[in-house]
Amino acid sequence: MTIPNLSPGALQGLRVVEMGQLIAGPFAAKTLGDFGADVIKIEPPGAGDPLRNWRMLQDGTSVWWQVQSRNKKSIALDLRNPEGQAIARQLIAQADVLIENFRPGTMEGWGMDYESLSRENPGLVMLRISGYGQTGPYRDLPGFGAIGEAMGGLRHLTGEEGRVPVRCGISIGDSLAALHGTIGVLMAIYHRKVNGGKGQVIDVALNEAVFNVMESLVPEYSAFGAIREPAGSALPGIAPSNAYRCADGVVLIAGNGDSIFKRLMEVIGRDDLGNDPTLGNNAGRVARVKELDDAIERWTRMHRVTDVLSQLGDAKVPAGRVYTAQDIVEDPHYQARDMILTQKTRQGHEIQVPGIVPKLMGTPGQVRSAAPDLGDDTDAVLTELGLSAEAIAQLREKKVVA
């Protein structure tokens, strides 16, 4: 896919100012931009957003940047300078949404607390993403996604029993916070437009975004004093559901539904287990989970991954193999659902990137523009604010903008 024929997006007309950096705030702005929002990203002159230089670079720019900053305009603006702060306030006064993910107190130090901003723009929705939120005893501590994952309870569960917890390999805490923030923005905009409400602050903490998806962790502790422990690839309390070794790899099998379990046992030749009344519900299976896992793996180890998946697919038992990046890019289902898009960068390179989620049938998301170089849109944005070419040149000379 290249840049598509453009049609109105679901969020067309929504004006967003992004003052975040790295992952959480920019991911939220990227999600809004994919569905038509007009996103102006403010970056510091010189290096810009540090994400530009994270992980693998192409022509000096991270390929990750091409995903995180598509559909955005870049203005290089020094927010430490009073003139830069004044320009930022002008942009925010015309915006529907402001996104920031600095440490609490940073915006206030620049004279951009919500009370001040909302006096000029009463309808402003301000998304604030931070390590621990804008209140509470930890508010001033620095917090990255990995710390939020640990405090939110996730990191304790990731790993093998008795070993040091591991991370899942991506900054899932930041992304979860971004998605919660995006939901909050849409709810606040709905309230403002439909219910006649005013703007408001959305306060998202990294640890709380992780904690919100921790399922039964706290209720089980509250009711039974049970502290859930790491269990590797298994899903504790739900059986059978695990990763199983095959002759040439690993498959994941989720045979934990009552009727699914019976079909799984039929496939592996263990009707004795499938017809055992004590295994007819999840509680009975959990009590004998090791026996079931051993029986399943004895069968999987005799077969190749493709054969296991074919037999289980025919029996309508949920199963899958572990995908690498190459597997994803080459998979026909990913391709059929436009989940592998080809973008052209500002430097002229074609690069494959993840597609847009969720799928809106009437107003689908689109890639309208490639990720910008630093300050690509400074002049255009400032001109829209009413600044003359001479005034912009003077600001550039003083290094307020770039």
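A residue is called buried when its relative accessible area is under 20%, exposed when this area is over 50%, and partly exposed in between, as computed with a 1.4 Å probe on protein chains only. The structure is a predicted model, in which local features need a pLDDT of at least 70 and side-chain atom pairs count only at pLDDT 80 or more, whereas totals for chains, interfaces and linings use all residues. Residues are numbered from 1 along each chain as its sequence is written, and side-chain values use heavy atoms, with hydrogens and water left out.

By the accessibility criterion, valine 16 counts as buried, at 1% relative accessibility. This residue lies in strand 1, where helices (H or I, at least four residues) and strands (E, at least two) are taken as DSSP runs and numbered from the N terminus. With contact defined as heavy atoms within 4.5 Å, and with residues up to four places away in sequence not counted, valine 16 touches Leu32, Ala37, Asp38, Val39, Ile40, Val97 and Ile99. Between valine 16 and methionine 107, which are 91 residues apart along the chain, the C-alpha atoms are separated by 17 Å.

A salt bridge was assigned where a side-chain nitrogen of Lys or Arg is within 4 Å of a carboxyl oxygen of Asp or Glu, and a search of the whole structure on this basis finds 25 salt bridges. One of them is formed by lysine 72 with glutamate 18, whose closest N and O atoms are 2.6 Å apart. This pair links distant parts of the chain, since lysine 72 belongs to strand 5 (residues 72–76) and glutamate 18 to strand 1 (residues 15–18), the two being 54 residues apart. Both lysine 72 and glutamate 18 are buried.

A further salt bridge joins the side chains of aspartate 258 and arginine 285, with an N to O distance of 2.9 Å. Here, too, distant parts of the chain are linked, with aspartate 258 in helix 11 (residues 258–267) and arginine 285 in helix 13 (residues 282–287), 27 residues apart. Aspartate 258 is partly exposed, at a relative accessible area of 41%, whereas arginine 285 is buried, at 0%.

The side chains of arginine 288 and glutamate 291 also meet in a salt bridge, at 2.9 Å from N to O. Arginine 288 counts as partly exposed at 25% relative accessibility, and glutamate 291 is likewise partly exposed, with a relative accessible area of 35%.
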